[in-house]
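Dear colleague,

I am passing on the structure below, and my notes on it follow directly after. Please read them with the coordinates open.

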Amino acid sequence: MTLHKRFTRAGLRLAAAAGLLALAACGGGNGDHITVAPEPGLPGCADDGSCASNPPLEIDSERPAAVMIPSDYDVTRRYPLMIVLHGYRATGALETIYLGLDTRVDTGQYVLVTPDGTENLNGDRFWNATPACCAAVAAEEDNSGEDYTQIDDVGYIRRLIEEAAATYSIDTSRITLFGHSNGAFLALRLACEASDFVTAVVSLAGSTFEDASSCAPATNPVSIRFLHGDADETIFYQGGDILGAVYPAAPETAKRFANLAGCAGDDPVPLPNVDAVASLEGAETTVVTYPDCDPGAEVELWTIVGGPHIPFPWVPAAIDSQVDWLLDHPRE
């Protein structure tokens with residue numbers, strides 16, 4: 001099956017299941033644990049009481065990103081920040097609807113930022129995350145000859161985090177990312193290169209660099225929960241390549257980030273199965289956790305047995321679990 005067909009097929013699944021536009025998404029051995037002195041806190045308007053009670057719902061003039069805040073937003077409180085990173089050919093708004101993160105802003109009491117990746121000439125949005133996913137794919141598919149690998153999406157998301165902290169009353173010990181596919185590749189890259197900001201990540205159907213050393217330098221342990229269907233035909237659970245660029249298997253990816261968080265990456269501990277996807281029978285998702293992590297850090301791998309690239313429909317409690325898990329892992 002060609003790369004193009006894999007992407008198209010993934011998009012058709014979601015369109016049929018969720019009634020949304022195509023959310024097709026394309027889509028570091030052991031890293032040494034790095035121990036450093038704590039970073040200074042990310043400065044924000046909550047520190048000096050300058051947060052506006054009626055802030056704008058868009059940030060970044062160069063690449064605007066929409067923002068949702070709780071309906072009872074109160075500048076005397078500090079809110080976790082969540083950034084959703086969409087899959088290839090999707091948008092932040094579509095990904096947010098698919099995951100139901102917009103409907104949980106009030107119940108979860110967090111600030112949600114939904115940025116969009118760069119558009120190629122075909123109008124497909126993407127993130128420049130790793131060699132496998134997905135700047136090279138975007139260039140091949142629009143036949144533009146553009147070098148999209150020069151786009152600094154790590155710098156862009158760091159800028160959004162800084163501006164969000166300067167604009168909203170943010171709890172900077174809880175800066176979280178929820179990435180899907182291409183967005184999960186970028187979220188995991190940010191767990192390496194922006195670990196001074198990012199505290200917790202949920203990676204759905206993502207992976208990382210072929211070479212584990214490309215993940216350096218991770219300066220702080222980041223809590224990460226990996227979700228991946230073992231029947232994923234777009235980003236293969238057992239690893240693969242896209243246009244010749246290799247990405248590792250889900251268990252290997254989880255092991256690497258467990259080691260970076262100080263966990264025992266070779267000794268995952270099974271937890272009870274979870275019913276995460278309503279279209280699959282029973283408690284289809286196996287869960288392992290990695291013990292002995294650094295204080296406050298946690299790494300888990302959820303394997304959705306029989307799960308495709310775009311699982312649907314989610315069991316509501318399973319999405320609640322992802323949101324709660326992100327918010328419950330502040331940096332100590």
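By the rule that a salt bridge is a side-chain nitrogen of Lys or Arg within 4 Å of a carboxyl oxygen of Asp or Glu, the count comes to 14 salt bridges. This is a predicted model, in which local features need pLDDT of at least 70 and side-chain atom pairs count only at pLDDT 80 or more, while totals for chains, interfaces and linings use all residues. Residues are numbered from 1 along each chain as its sequence is written, and side-chain values use heavy atoms, with hydrogens and water left out.

One of these salt bridges joins the side chains of aspartate 124 and arginine 89, at 3.3 Å from N to O. Aspartate 124 sits in the loop between β5 (118-119) and β6 (125-126) and arginine 89 in the loop between β3 (79-85) and α3 (92-99), 35 residues apart; helices (H or I, at least four residues) and strands (E, at least two) are DSSP runs, numbered from the N terminus. Aspartate 124 has 13% relative accessibility and therefore counts as buried, where buried means under 20% relative accessible area, exposed over 50%, and partly exposed in between (1.4 Å probe, protein chains only).

Arginine 158 and aspartate 196 form another salt bridge, with their closest N and O atoms 2.8 Å apart. Because arginine 158 lies in helix α6 (residues 153-167) and aspartate 196 in the loop between α7 (182-193) and β8 (200-204), the pair ties together parts that are 38 residues apart in sequence. Arginine 158 is partly exposed at 21% relative accessible area, and aspartate 196 is partly exposed at 25%.

Turning to the interior, 56% of the 332 residues of the protein count as buried.

Finally, glycine 307, in the loop between β14 (299-304) and α9 (316-327), is buried, with a relative accessible area of 0%. Leaving aside neighbours within four places in sequence, glycine 307 is in contact (heavy atoms within 4.5 Å) with Gly229, Asp230, Ala231, Asp232 and Leu280.
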